[in-house]
Amino acid sequence: MTINVRFYGAIKKAMPRDHQGTHKVHARTYQEVLSYCQQHYDLRSHLATKAIDVRIGDDLTTSRYLTADQVARWSIPNGATVHVVPNANGAITGAILVTALVSAAIAIGVTILANLLFPMDAEKGDTRKSAQYQSGLQTSKEGVPVPYCAGDRVFCGGNVIEGDYDYTNSGGANVYAAGFGGIDFDSSGEIVKSILKQGGSAGGIPTDASQVQEGITSFKGGGGKTISNTTYSDATIRFAMVYGSGETGGIVGSNGVEKSKNILINEVPLVDRGTGQPNYHGISWEERFGVEGQSALKLTPDTGAPFSVDIELKQRSGAGGGQFYSTQTVTGADVDRVKLDFRIDQLVKTDSKGNQSRTSVTFGADVKRMSASAWTPAGSWSVNEKSTSSFNRMFVIAAPAKTAGNDADPWMFRVYRTTPDSSDDKLANGTTFKGWVEIKSKDYRYDGTEVEGAIPVALFAAALDGSQFDVAQKPEVALIVQGQKVRVPDNYDPVSRSYAGSWSGAWKYAVTANPVWHWLEIATSTEVGCGFPLTFFDKFDLYQTAKRCDQNIHGRFRYTVNKQFADETDGWQFLCDLAQTFRSIPYFNGTQIVLAQDRPGAPDHFINNSAVEEGKFTYTSTPGDQQFNEVIVQWDNPDDYYRVNNERYQDVDSIQRNRKHHLSNNGIVSKTVYKHGCTNRQEAYDYARALVFDAQNQTNAVTFVTSINACGYAPGQRILIDDWNLSGKEITGRLVSVRANAITVDKPITYKANTSYDALLITDNHLVRRPLVQVNSTSVTATFGCDTSGIAADTPVSIVENTPTAAQPLEYKISDIQEQETGKFQVTALRYIEGKHEWLDNGTPVQFVPWSQVNLVTPKPTGMTFSAYSYVDELAGTKRGIDVRWDAIAADLTGYGTGLALAGYTLEVQRPGSSKWEQVYKGADNFTTIRDAEPGLYGFSLRSLNSLGRSSAAEVVMWTYANDGSAGLQPPSITGFK
């Protein structure tokens with residue numbers, strides 16, 4: 001739907017000159033209109049802080065005024081005109097709209113991925129190729145999920161839905177005369193489409209379907225006459241496979257020859273990419289792109305499903321037994337005919353003088369419906385040849401007449417041999433029943449129209465001359481395709497990955513490697529995805545996320561996806577996993593699903609002690625085993641047949657620090673992750689750098705409880721926290737009064753002469769930074785000059801000195817919001833380092849700003865002593881332990897140059913023969929015991945903790961516990977004897 005949006009006054013002037021007219025916007029809510037404005041930063045900033053009126057009507061004079069609640073919750077009729085007018089006394093700001101929406105969401109509860117931007121651990125030893133098939137790239141199983149291809153150059157396999165094979169024979173009739181020569185049915189670019197809802201085949205193409213028997217020249221000698229073989233078998237394998245759901249861009253290439261370079265059999269392209277010469281001969285192929293109305297495949301004129309068995313076929317069932325039959329049941333009543341496959345191991349008769357001659361063997365088959373009592377002969381066939389090697393023959397039988405009144409009655413067949421079994425080595429005529437192919441006389445288009453509820457799927461079909469392949473292995477077929485066409489902005493060029501002007505909100509469909517638009521497709525698709533309504537998503541916000549993915553960085557696009565997703569997985573977990581590949585986390589805010597991306601931007605909020613419960617912020621640190629200094633990113637390498645390769649990044653400084661403290665694993669704390677759809681080594685490397693930076697530098701989390709302030713918060717937003725207890729600054733909590741061009745705070749502070757200061761305030765639940773008027777002489781004051789427009793009394797405020805050494809508020813990123821009770825929320829946020837994006841992109845050193853004037857150094861504990869002791873366990877008897885003590889540190893740390901208090905100690909132990917450090921004590925006492933001690937060399941690492949949770953340097957001591965009786969151990973008590 002399309003609406004008209006008009007801006008007036010200062011808002012209009014904030015727009016680019018060529019965008020100051022009426023805007024045609026594809027939107028249905030006022031929130032989407034505000035998101036549309038995000039494309040123009042000046043306008044977004046204006047709407048975030050300035051009051052406006054929103055009106056609806058054909059023209060401004062006759063338009064209707066809307067309240068803030070109506071603007072936040074109403075839908076806009078198609079074709080309506082919305083007027084956005086600046087009004088100093090207006091009741092609406094952009095921040096109010098956001099607050100109104102999120103406030104409703106918080107009441108429901110915010111859900112967010114706990115692991116944030118860190119992907120799950122990669123499967124160890126998993127070197128599967130990108131297509132995720134473990135046993136070759138083609139499968140033939142029912143119930144396999146239809147693959148989804150995301151990207152513009154996707155390596156993929158497929159699920160076989162039709163399969164057939166025929167033997168061409170010298171000296172016998174051919175069931176199917178294969179035509180070779182590399183016919184390219186779709187080189188003109190016919191666009192077609194298809195569906196598989198229920199699989200359709202079981203078993204697989206027989207692994208021995210390629211057999212070549214060479215004739216042997218006649219010669220005399222050795223007492224007999226040997227004649228040439230009179231027959232051989234060669235196989236043509238035909239199959240059709242599904243490689244993607246919905247319309248795709250087809251195999252990469254502009255014509256048949258170029259496409260053949262991206263069809264690979266056993267890792268080799270049909271046509272060499274360098275020389276342009278064919279690597280194979282006798283191969284025909286065709287494709288269907290996956291559109292409704294596509295034609296049926298020509299290489300598989302009927303629908304065939306092969307089944308493999310390996311049954312020795314004898315005339316008699318054991319010595320003196322009756323006729324032996326191999327009985328099989330077809331899979332459906334609608335199978336029209338069955339093609340039988342017999343292998344003759346050898347066929348030769350030798351007389352007493354060693355002379356060879358032809359001989360024959362005869363087969364037969366009967367059929368019947370399941371409900372019938374009697375069998376009906378279906379055919380009898382004789383083979384009269386000479387061959388000292390195995391060869392195959394195929395024969396076709398028709399289905400018996402259907403049962404009257406029961407069209408669903410399946411049918412059966414049985415095969416047998418009528419030639420007597422050989423009783424000596426002079427007659428070789430052993431036979432084996434190798435399987436059959438069920439054939440339905442119907443051509444399926446797989447275009448989504450033939451089965452109710454089905455979806456179109458993309459197909460690839462081929463006929464292969466089996467003589468070119470190893471008899472013991474099925475040919476492995478892989479394609480490089482342009483993936484599924486998805487919704488993209490209509491101003492987007494998916495090839496150059498560029499955007500023309502502003503986006504109105506209208507869509508088009510195209511192939512793209514931008515992961516955001518595939519994320520949206522999977523989230524909204526009812527066929528292959530989660531099926532969320534499109535109205536659950538703010539498309540203009542997704543647009544900003546997608547544009548960041550398309551930025552060119554380090555010679556490649558920032559984030560891409562080229563992946564065939566073939567594994568069945570939980571939908572929401574999949575959205576989380578895919579979002580992590582472009583540094584985003586999805587969450588549900590009660591009304592919408594939002595993608596919060598880690599990208600540059602200004603802080604959204606501000607808070608200080610005056611706005612939190614008990615004025616207290618609680619800090620925690622990431623455990624040491626999660627402060628990774630090495631990340632290995634697994635990615636799909638196109639130069640290695642898309643096998644999983646590893647790309648490593650290490651923080652060398654962190655590793656060296658750990659080594660100095662004798663940490664395990666030579667100081668390396670490692671994590672291995674898999675980046676879905678990554679086919680670029682530089683992208684994998686940069687991804688590893690980002691993960692290591694976060695793990696090393698964004699290690700602290702803060703939790704606080706607040707009230708109405710949290711109504712405007714959302715996961716992924718950034719917040720400045722000015723904690724007096726942490727910074728040690730002079731306290732300013734709230735505004736006492738506001739008058740024209742001046743504010744008064746609740747506590748006076750020292751205001752330095754000729755020094756720049758800012759006031760950090762909250763207006764409409766949004767951070768506002770107002771420069772303060774500088775003074776010529778230092779004074780202690782609570783009143784400061786500044787622009788006071790939009791500022792209200794009783795607002796939290798912090799006065800921040802803008803000098804290189806002054807303590808600054810710390811920046812965090814909100815990760816979780818939980819409603820504890822009505823109007824009270826617990827907020828958790830993770831440390832965020834401004835400047836990391838410049839370091840990641842350009843190598844610009846991060847400037848870590850000072851954040852405290854308090855001496856945070858905590859004294860290192862000393863004087864560790866150890867003594868062995870024993871104790872009696874009721875079940876295990878006498879056990880050994882170690883008593884550890886150290887010198888106590890005074891609770892008041894002022895003597896160490898800090899105003900903080902001692903919170904306690906933490907002790908870690910490395911046991912004999914182990915490289916792992918385990919925490920055995922955390923508390924206020926200066927002693928502890930270690931039970932279940934075994935003799936050997938122990939490592940002890942002791943630290944003190946201050947009231948902010950920060951630890952001292954470690955006191956590391958190595959101590960050997962010798963089991964020589966010197967520890968004063970008690971002898972074991974023996975009970976149970978009389």
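Visitor: Which residues of H2 are buried?

Guide: They are Tyr30, Gln31, Glu32, Val33, Leu34, Ser35, Tyr36 and Cys37. The model is predicted, so local features need pLDDT of at least 70 and side-chain atom pairs count only at pLDDT 80 or more, while totals for chains, interfaces and linings use all residues. Residues are numbered from 1 along each chain as its sequence is written, and side-chain values use heavy atoms, leaving out hydrogens and water.

Visitor: What makes helix H2 largely enclosed?

Guide: Buried means under 20% relative accessible area, with exposed over 50% and partly exposed in between (1.4 Å probe, protein chains only). Eight of the eight residues of H2 (residues 30-37) are buried, so the rest of the structure largely encloses this helix. Helices, by the way, are DSSP runs of H or I with at least four residues, strands are E runs of at least two, and both are numbered from the N terminus.

Visitor: Why is tyrosine 641 called buried?

Guide: Its relative accessible area is 8%, and the cut-off is under 20%. Tyrosine 641 sits in the loop between strand S42 (630-637) and strand S43 (643-650).

Visitor: What is the phi of tyrosine 641 near?

Guide: It's near 55°, a positive value in a residue other than glycine. Most residues other than glycine have a negative phi. Asparagine 665 also has a positive phi, near 60°, and lies in the loop between helix H10 (652-660) and strand S44 (670-674).

Visitor: What makes a set of residues a nonpolar core?

Guide: They must be buried Ala, Val, Leu, Ile, Met, Phe, Trp, Tyr or Cys residues, joined through side-chain atoms within 4.5 Å. The largest such core here has 50 residues, and Trp517, Trp519 and Phe582 touch the most other members. Helix H7 (residues 515-524) gives the largest share, six residues. Apart from that core lies another of 24 residues, among them Leu313 and Phe433.

Visitor: What is tryptophan 519 in contact with, leaving aside neighbours within four places in sequence?

Guide: Contact means heavy atoms within 4.5 Å. Its partners include Phe537, Leu575, Phe582 and Ile593.

Visitor: How do you know how the lining of the largest cavity divides?

Guide: A cavity is a set of points on a 1 Å grid over the protein atoms alone where a 1.4 Å probe fits but cannot get out, and lining residues have an atom within 4 Å of a point. Ala, Val, Leu, Ile, Met, Phe, Trp, Tyr, Cys and Pro count as nonpolar, Asp, Glu, Lys and Arg as charged, and the others as polar. That gives five nonpolar, two polar and eight charged residues. H11 gives the most, with four residues.
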